[in-house]
Amino acid sequence: MKRLFLIVLMAAAVSTTQAQITAERLEQARKEAAQAGKDKKEKEKQLQMVMDSVLYHNAAVSLYDSTFVIKADQIMFRRGAMAYVDQNTNFISMNKDKATVQIAFNTIFAGPNGIGGVTVEGAPSNVSVSEDKRGNLTLTMSVVGVGISAQVSVTLWPGSNKAMATVVPNFNSRTITVYGNLYPISQTNVFKGTAL
């Protein structure tokens, strides 16, 4: 009887030890999986930082070179009204001696440019680029053409190609502000309507 009791006791001890080892192994596997997930997220974060850095560099060079396009995804009108728009038909561009501002909405009306909005072109003058203490790059210019006479200010924020442009007409108060991404003109395509 003592022998049977001793065998049962030993079997219980072995079973408890194996359960403890299994629990420790499961906990170790969970910790390793969590660490692998953290490592993967960290690598993805670092990759995104590198990509943003490259986008910023390309955008900054094109801003200084006056060969850029801001593809707008949001437009803010006076009094704060916001509209989400298509990036391929809403943009502000500059290609050395020609600046274009195009606003187009998806409506059934063709508008003056044939795609639901207006496209104006002009010659830029008084172009200057400056950098503030935070690293924001700002290009300012006057644009005069058949359908436009305005002051345009483009701000590129550091660390990515996110940008904002404000168009202030000289003869009325219909200021618009566009938000989007700034690209070198050679690296992007936009659909341009008929200019005024």
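Which element gives the most residues to the lining of the second largest pocket? In this predicted model, local features need pLDDT of at least 70 and side-chain atom pairs count only at pLDDT 80 or more, whereas totals for chains, interfaces and linings use all residues. Residues are numbered from 1 along each chain as its sequence is written, and side-chain values use heavy atoms, with hydrogens and water left out.

The element in question is β3, which gives four residues to that lining; strands are DSSP runs of E of at least two residues, and helices runs of H or I of at least four, numbered from the N terminus. A pocket is an open set of points on a 1 Å grid over the protein atoms alone, where a 1.4 Å probe fits, with protein on both sides within 12 Å along at least five of seven lines, and its lining residues have an atom within 4 Å of a point. The second largest pocket has a volume of about 170 Å³, a volume being the space filled by probe spheres set on the points, which are joined across faces, edges and corners. Among the residues that line this pocket are Phe91, Ser93, Lys98 and Thr100, and both β3 (91-95) and β4 supply at least two residues of the lining.

The largest pocket has a volume of about 460 Å³. Of its 18 lining residues, Val118, Val167, Pro169, Arg174 and Ile176 are the closest to its centre, and β4 (98-104), β5 (117-131), β7 (149-156) and β8 (162-169) are the elements that give two or more residues to the lining.
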